[in-house]
Amino acid sequence: MSIQDFKRAAAEAALAHVEPGMKLGLGTGSTAAIFVELLGQKVEQGLDVVGVPTSEATRELAERFGVPLTTMKDEPELDLTIDGADEVDPQLRLIKGGGGALLREKIVACASKRMIVIADESKRVERLGKFPLPIEVVPFGKESTLRAIAKLALRLGLEGEVVLRRSEDGCPVVTDSGHVILDGHFHRIDDPEGLAAALVSLPGVVEHGLFLGLASLAIIAGENGVSTIEPTQFQQSPRRIA
Ligand SMILES: O=C(CO)[C@H](O)[C@H](O)COP(=O)(O)O
């Protein structure tokens with residue numbers, strides 16, 4: 001079985017949590033894309049749901065697969081978000097934003113009663129940080145913001161570089177909301193909560209890819225089948241609004 005098969009297995013398992021009439025947050029990335037495709041098949045068979053896409057890429061996919069869409073303006077509270085992740089730790093803390101959609105992904109997850117993460121087993125980690133942490137910043141002063149984040153990281157005992165994300169043509173990647181992304185190559189993040197609080201205190205930082213206390217369930221598929229991670233002590237994020 002390939003990673004692609006595992007992604008599909010996780011996406012299929014997530015479909016069981018979707019109920020008629022639900023307002024869904026639709027994640028971004030290759031695993032979320034499979035979910036959107038499968039959801040489109042269910043819609044074709046008569047399932048009545050609406051979705052809010054977390055990126056323009058997901059909007060296009062949802063339109064292609066016939067998933068009815070709505071907006072945060074019309075549906076500010078959602079029932080369930082299904083999204084992928086770059087890393088998932090045993091406490092169900094996540095790194096997200098490898099696809100650059102972290103800001104909308106976090107807004108949508110916070111507006112949802114539940115967030116289910118779907119991933120292949122390569123995303124399961126004991127400790128967050130091997131995957132570079134995406135940090136979305138405003139373009140103005142991005143060089144200063146980068147230096148401020150690097151200094152902050154040093155103060156917190158994190159080693160590693162902070163790098164402006166560029167696309168293949170060498171230009172900075174610009175997010176759907178017009179920001180740029182700095183990737184923090186920290187290798188290991190021992191205190192995600194401390195880092196998250198420190199990052200948001202920096203001017204210029206719009207959002208970071210640490211999703212803490214947001215996921216209600218992770219569905220992970222691998223060689224040994226589908227397994228789940230549930231929070232042992234699920235604490236609702238103070239930022240969750242639904
Ligand atoms: O956070 C994300 C996009 O911003 C994705 O969910 C994350 O990068 C995982 O993507 P994939 O399913 O392609 O591995």
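Visitor: How many residues of domain 1 are in contact with how many residues of domain 2?

Guide: In contact across the boundary are 12 residues of domain 1 and 12 residues of domain 2, where contact means C-beta atoms, placed from the backbone, within 7 Å of each other. On the domain 1 side, helix H4 gives the most, with 3 residues; helices are DSSP runs of H or I with at least four residues, strands are runs of E with at least two, and both are numbered from the N terminus. That side has 5 nonpolar, 4 polar and 3 charged residues (nonpolar: Ala, Val, Leu, Ile, Met, Phe, Trp, Tyr, Cys and Pro; charged: Asp, Glu, Lys and Arg; polar: the others, Gly among them).

A word on the ground rules: residues are numbered from 1 along each chain as its sequence is written. The model is predicted, local features need pLDDT of at least 70, side-chain atom pairs count only at pLDDT 80 or more, and totals for chains, interfaces and linings use all residues.

As for the two parts themselves, domain 1 covers 3–125 + 212–229 and domain 2 covers 133–206, with bounds from an automatic or database domain assignment. Their C-alpha centres lie 25 Å apart.

The largest nonpolar core, with 61 residues, includes Ala10, Phe35, Val36, Ile82, Val117 and Ile118, which touch the most other members. Such a core is a set of buried Ala, Val, Leu, Ile, Met, Phe, Trp, Tyr and Cys residues joined through C-beta atoms within 7 Å.

Thr31, Ala32, Ala33, Ile34, Phe35, Val36, Leu39 and Gly40 of H2 are buried, that is, with 20 or more other C-beta atoms within 10 Å of their own, while 12 or fewer makes a residue exposed and anything in between partly exposed. Helix H1, strand S1, helix H3, strand S3 and strand S6 are among what covers these residues. Val36, for one, touches Leu26, Thr58, Leu61, Ala62, Phe65 and Val67, leaving out residues up to four places away in sequence. Just after H2, Gly46 takes a positive phi of about 115 degrees.

H2 and H4 return around the ligand, where each supplies at least two residues of the shell. H2 gives the most here, with 3 residues. The shell has 18 residues, of which Gly29, Thr31, Gly84, Gly98 and Gly99 come nearest; near means a C-beta atom, placed from the backbone, within 6 Å. By class, the shell divides into 4 nonpolar, 10 polar and 4 charged residues.

Finally, two residues from the 133–206 stretch of domain 2. Leu146 is found in helix H5 and counts as buried because 20 other C-beta atoms lie within 10 Å. Beyond its neighbours within four places in sequence, Leu146 is in contact with Val162, Leu164 and Leu182. Gly194 is found in helix H6 and counts as exposed because 12 other C-beta atoms lie within 10 Å.

Notes. Two residues are in contact if their C-beta atoms, placed from the backbone, lie within 7 Å.
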